Every structure is written in C-alpha cells, then in structure tokens.
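This report goes through a few local features of one protein model, moving from the packing of helices to individual residues. Please keep the sequence and the coordinates at hand while reading.

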Amino acid sequence: GVTQEEVDEMLAMPSVKRVINDFDVNLLHGVQQANPLVLHRVFVHRSDSSMAEAVRIPIFGVCGSERGCRPVLEVSNRGRIVHSTLWGGTPKFFSVRDDDVMDFKVSGEGGATGVTLIGDVVITCYHVELRNEAAPGLEDEEYSEESIDKEIIWRYSCHTGFITPGSLTRMPRSELDIRPDSQLGSGKSVPPDMIVDMVFSDGSITTAGEYCGDIGRKASSDDCIDNLSAAHTVDADQRMVEWMEERDCDPKVACLALQLTANDKNAAYELASKLRLYDEE
C-alpha cells in the first residue's frame, strides 16, 4: 500500500489535477473534441525573454566546460512509445551560453512529419548521459537505451479529448510534473518561469471514428469515462472495483481510478473521491 503522504503528493501533481479538472468541469458537457491530434513541435523556453543575464534553459549536466542539458523528448500514447528524439542519433547538448530555446521536431513512423495521437498521452523530457561502461557491442559515444542513464526534467500528461487542435498549447511550469528544486541535486536547476509550447493540428476524422465510435462533442459522462478508460493499457482489478463499489464508488469511476493508479486501491479510492460523475441532462 501507499502512505497518506504519498497519496497527497500524487494528488498535488499537475497531471493528476488535470484529470480531476477534466472530470469535474469538462465532462459535464462531454469531451471538447473527438478527433486524433498530430503533434509537430515542442519548444522549451522562458516566459521572460528580456532577462538577458538569466539562465534560460534547464541545467542538468556539463559538456566540456559548458553547463546545460542533453535532452531527449519521448512521446507515449496509450502506453506505447511512439516517438523519441533518441531514435535520431546523438542528442544535442544545449548550453547555457549559446541556447535560449530547446526545439524538438516530432516525427512518426517512416519519418513522417508529426506523430498522430489519440487518448492518453505522456510527453517526457529527459536529460541523458552515457554510462561509464557502455553495454557490450556499442561503439564509444553511441547513445541508445542500453548505454544511457535518464533523469526526468519535466513530464506532461493529458488526454487528446481536452486539447484544442490548430493552436499553440502552452504549459507553464506549474502545469508540468517537475521535481521540487530541493530534490534536483547540487548544481541542477529548472527556470522558475519555464514554458513548454506544443504545436498540435487536427488529425484524421476517420481514425477518430474508428477509435471513439459515437463519442461526439455532447457525449454523456459515462461515454467519456468509457473512452478515457479504453485508452489505458492497465486493466482494473475487478476485485478492487467491487471493493470500491462497496464504499459507494461508481463502478466506472472506480475502474478508471484503478487504471490511473496501477491498481493501488487506496490511492484509487482517494482519487475517485475527487471525481464527480454527472448524469446527462
């Protein structure tokens, strides 16, 4: 099980707050849009560009004498990694002296521009470093999952049903999952006014229909929960669903809460208590 302190920490995470807000506000009227989205670009920068002397990018390591970070952007959709800048070769080192913005171009299978997403999405930015001893058979300085250590700089999770396509999606630091400065370690920092901008466009309506069925813009909250739940690869433990039902939890909400917490019934029960299920008017 988990402690109350761990539950409180989870509920304080921006990504969890976003899920609660989607249920508490948006699901009253159904999802905002049912189409898939295509993610094209991600930019990381500071909101106050006039601070010429201030550090403008995260600091997580060094390259030679330069401070900065070597970021890898990873995009997961419905539990599967669909894009990683690590696949394109050695990640660039962004230095405090030379770089103001970290710019990531996102590509899909076969090098197609952008990657199509629908359902639950997790976008994670890691700082990577080569291990002291690379895996056997790897050349020096070859960056791969087998040869690197990863440290999360920031993470953003969402559901595509609550993102408006065709516009810039801007996330301030307060909307990102970032460790407190006190936990980053000596010499590491994330700018206090860091912003992540994501460029999404509308995806294929046909694909959306195949996945979402008749969800529509005015779907009931039951339909929305069904589609949110279907996006997860984790299956809810039916014994825990029954345990939560016995404590007056709606079974659909209980199921999704268990999926979101990887079947930790105490954390799921706490999360479910924050979600309200609205009947269609």
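In which hand does helix 5 pass helix 6, right-handed or left-handed? The crossing in which helix 5 passes helix 6 is right-handed, as found in what is a predicted model.

## Helix 5 and helix 6

Helix 6 spans residues 251-260, and its axis and that of helix 5 come within 9 Å while crossing at roughly 130°. Because of that angle, helix 5 counts as oblique to helix 6.

From helix 5, the residues that take part in this contact are Met240, Val241, Met244 and Glu245, and they meet Pro251, Ala254, Cys255, Ala257 and Leu258 of helix 6.

## Helix 5 and helix 7

Helix 5, made up of residues 238-245, also has a crossing with helix 7, which covers residues 265-272; here the two axes come within 11 Å and the crossing angle is roughly 45°. Helix 5 is therefore oblique to helix 7, and the crossing of these two helices is right-handed.

On the side of helix 5 the contact is formed by Met240, Trp243 and Met244, which meet Lys265, Asn266, Ala268, Tyr269 and Ala272 in helix 7. The residues of this contact of helix 5 with helix 7 divide into 6 nonpolar, 1 polar and 1 charged. Met240 and Met244 are listed in the contact with helix 7, and Met240 and Met244 are also listed in the contact with helix 6.

## Aspartate 193

Aspartate 193 is placed in the loop that runs between strand 11 (168-172) and strand 12 (194-202). Its relative accessible area is 17%, so aspartate 193 counts as buried, the cut-off for that term being under 20%. The side chain of aspartate 193 is joined to the side chain of arginine 46 by a polar contact of 2.5 Å.

## Glycine 61

Glycine 61 belongs to strand 2, which consists of residues 61-63, and with a relative accessible area of 12% glycine 61 is buried.

When its neighbours within four places in sequence are left aside, glycine 61 is in contact with Glu66, Arg67, Gly68, Phe93, His127 and Glu129.

Conventions
Residues numbered from 1 in each chain as written. Predicted model: local features only at pLDDT ≥ 70, side-chain atom pairs only at ≥ 80, totals over all residues. Heavy atoms only, no water. Axes fitted to C-alpha atoms, helices over the stretch in contact; angles between N-to-C directions. Helix = DSSP H or I, 4+ residues; strand = E, 2+ residues; numbered from the N terminus. Parallel < 35°, antiparallel > 145°, perpendicular 65-115°, else oblique. Left-handed = near helix turned anticlockwise from the far one by under 90°. Contact = heavy atoms within 4.5 Å. Nonpolar A, V, L, I, M, F, W, Y, C, P; charged D, E, K, R; others polar. Buried < 20%, exposed > 50% of the residue type's maximum accessible area, 1.4 Å probe, protein only. Polar contact = N/O pair within 3.5 Å; in protein donor to acceptor, adjacent residues only side chain to side chain.
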